[in-house]
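Subject: Structure handover

Hello,

Here is the structure I promised to pass on. Please open it alongside this message.

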Amino acid sequence: MISVVRIKDYRRKPLFLHFTRVELNLLLGLYATRVSRGEWRDYAINSGTDAARFMVFRRSQENPLFTISKLSLRKSQSKTVKQNRYVVSSQQRRISQGHSLNDVLTVFNRSMKLVTG
């Protein structure tokens, strides 16, 4: 008996979600700008099965100032469509989110204001 087998069902699934070269260029360009201003000093990249994270530190012994995450979303409506969602967070608080890394990184272009009490 002959049966049709879809190769797609037997292919190995990607183990980790990664940043692409273009995304890394954007992130490292932003990082270089902030390092030259003296605001940031260290970074870390974490790749996992559900998300890829770019974490920025003021000092390497501290918690990250900002975490830029790339999350994978899958919608299944008769076929699988891969989409990504980007989130910028600081200390467990979500600052910005969107489907484009350029749109999410615009949060760093805003001028910061000193708030006194």
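This is a predicted model: local features need pLDDT of at least 70, side-chain atom pairs count only at pLDDT 80 or more; totals for chains, interfaces and linings use all residues.

Overall layout

The protein chain has three helices and five strands. Along the sequence, the order is α-α-β-β-β-β-β-α. Of its 117 residues, 29% are buried. The accessible surface of the chain is about 9400 Å². Carbon and sulfur atoms account for 49% of that surface.

Helix 2

Helix 2 covers residues 21–37, which is 17 residues. From first C-alpha to last, helix 2 reaches 24 Å. That is close to the 24 Å expected at 1.5 Å a residue.

Which residues of helix 2 are buried? They are Glu 23, Leu 27, Leu 30, Tyr 31 and Arg 34. Why do they fall on the same side of helix 2? Because they cover an arc of only 100° around the axis. The general rule fits here. An α-helix has 3.6 residues a turn, so residues three or four places apart point the same way.

Now turn to the face of helix 2 that points away from its buried side. The exposed residues there are Arg 21, Val 22, Asn 25 and Ser 36.

One last point concerns the end of this helix.

Best wishes

Conventions: Residues are numbered from 1 along each chain as its sequence is written. Side-chain values use heavy atoms; hydrogens and water are left out. Helices (H or I, at least four residues) and strands (E, at least two) are DSSP runs, numbered from the N terminus. The expected span of a helix is 1.5 Å times one less than its number of residues. Buried means under 20% relative accessible area, exposed over 50%, partly exposed in between (1.4 Å probe, protein chains only). The arc is that of the directions from the helix axis to the C-beta atoms. Accessible areas come from the Shrake-Rupley method with a 1.4 Å probe; for residues, only the protein chains shown count as cover.
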